[in-house]
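Here is a short briefing on one protein chain. Keep the structure open as you read.

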Amino acid sequence: MDFSRSEQIYKEACNIIPGGVTEARHPTKFVIGKYPIFTAIGRGSHVWDVDGNEFIDWLCSFGPVVLGHCNEKVDKAVIEDLRKGFCFTMVSPIQNDFVKKLIDIIPCAEMARIIISGSDATAAAIRIARVFTGKDKVIRWGYHGWHDWSYGGAGTDREAIGVPEGVKKDIFTFIYNDLDSLDAVFKENKNQVACVIMQPFEASKELPKAGFLEGVKKLTHENGAVLVYDEIRTGFRVALGGAQEYFGVIPDLACFSKAMANGYPISVVVGKKDIMESSKNTRISATFLVNTFPMVAAIATIQELEERDGISYMWDKGNRLFNGLNRLISDYRIEAEMIGLPVIPMLKFLYPDPEKNKEYRDFFFASMVEKGILLHPNHHWFLSLAITENDINKTLNAAEDSFKTLKKIIIK
Ligand SMILES: Cc1ncc(COP(=O)(O)O)c(C=O)c1O
């Protein structure tokens, strides 16, 4: 497969944009030289790169594209909105329609604040928790964006480069599925913790053990702190109301973005009325948060998910992929497993030698790209409603071929 146009644009980009391509999309995150770098077109479940190569898209731009690229209903609603004007000084009443919809769907939502990016939403949630509790410290688990309080450090595999010590000193973490580790952080910081903010689970790591999420909630409340779920990946995909609906553990506040608007930029913090009301005493603002087209897109996306029973559809197709890949892994005796949930799955190679593991993993995923299947080698994937039976069959056939060659020629 030829990526020469991608390579050429990348070369130019490196001289004018630090790193050439933004963080998570950087070639070093995939298999260097074996993946496209620039995309030209997306339609439904397929994308075409700038060299004209076509792929089945299992990444959905890291989650937002839940209905597939260029969903007609959503795009039509947005275009109509753009034509009437969308960026006003006095806000549009559409905000009420949008928020009422969220309150209907999301278990913890009694009120909402609309923002733009996921990082904005998580930063807003901890601000609200700090205002509500009058405390500064934050216990966090998972990825919550790039802002000072959430970037790197605190037990993640990244150094918090560029983050002041004064910020770091108030941020703590704990071990997932280990309530004692959370208890210890609370004990060391008695009466000083504003909130626990966490991804309910991380698909590329582990699922919650029985009682873990309930235990986190109990400990958080016993210590007078607010429980915040970061549902930016789980919302509108694991269940319409997110992981809180799926696991039946309801937080005080929650952040949603990504799949809510099929790619249009919008995020929200939702939660219990008394806590949300306290946010009137601080400033959570952004010039573009009044723009109407992302709200229009969100309403249309949620309607599509509801009308087409989108969550069941994604679970069904996700299960076919998840089980199909697991069967092939077992048939070809590959040391690997499918992890996460069928709607946000990942194939993890498990060879004990890290170098061999990387070699086999890179071979497999590069071979899938060569066959027109876009999967991520180091990150979980995302289901969309655009995925068809045909896409699944093609993906499983390509995987069978790739495992066969991996076993015959590379592993031997
Ligand atoms: C769980 C989670 N929280 C927060 C964020 C940050 O969102 P954004 O990149 O829109 O700022 C992300 C983005 O990937 C995420 O996956």
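Into which domains is the chain divided? The answer is domain 1 (4–69 + 309–411) and domain 2 (85–307). Keep in mind that this is a predicted model.

**The two domains**
- The centres of domain 1 and domain 2, taken over C-alpha atoms, are separated by 28 Å.
- Domain 1 gives 18 residues to the contact, and domain 2 gives 15 residues.
- On the side of domain 1 that touches domain 2, at least two residues each come from helix 11 (310–331), strand 11 (336–341) and strand 12 (344–349).
- That side of domain 1 has 12 nonpolar and 6 polar residues, and no charged residues.

**A pair of helices**
- Two packed helices are described by the angle between their axes and the distance between the axes.
- Helix 3 (residues 94–105) packs with helix 10 (residues 292–307) at an angle of about 35°. Their axes are 10 Å apart.
- The crossing of helix 3 and helix 10 is left-handed.
- Helix 3 brings I94, Q95, D97, F98, K101 and I105 to the meeting. Helix 10 brings T292, M295, V296, A298, I299 and I302.
- By class, this contact of helix 3 with helix 10 has 8 nonpolar, 2 polar and 2 charged residues.

**Around the ligand**
- There are 14 residues around the ligand. Those that come nearest are S117, G118, S119, G145 and I232.
- Helix 4 (residues 118–133) supplies the largest share of this shell, with 3 residues.
- By class, the shell around the ligand has 9 polar, 3 nonpolar and 2 charged residues.

Technical notes. Residues are numbered from 1 along each chain as its sequence is written. This is a predicted model: local features need pLDDT of at least 70, side-chain atom pairs count only at pLDDT 80 or more; totals for chains, interfaces and linings use all residues. A residue is near a molecule or strand if its C-beta atom, placed from the backbone, lies within 6 Å of it. Helices (H or I, at least four residues) and strands (E, at least two) are DSSP runs, numbered from the N terminus. Ala, Val, Leu, Ile, Met, Phe, Trp, Tyr, Cys and Pro count as nonpolar, Asp, Glu, Lys and Arg as charged, and the others, Gly among them, as polar. Axes are lines fitted to C-alpha atoms, for helices over the stretch in contact, and angles run from 0 to 180 degrees between N-to-C directions. A crossing is left-handed if the near helix is turned anticlockwise from the far one by less than a right angle, and right-handed if clockwise. Two residues are in contact if their C-beta atoms, placed from the backbone, lie within 7 Å. Domain bounds come from an automatic or database domain assignment.
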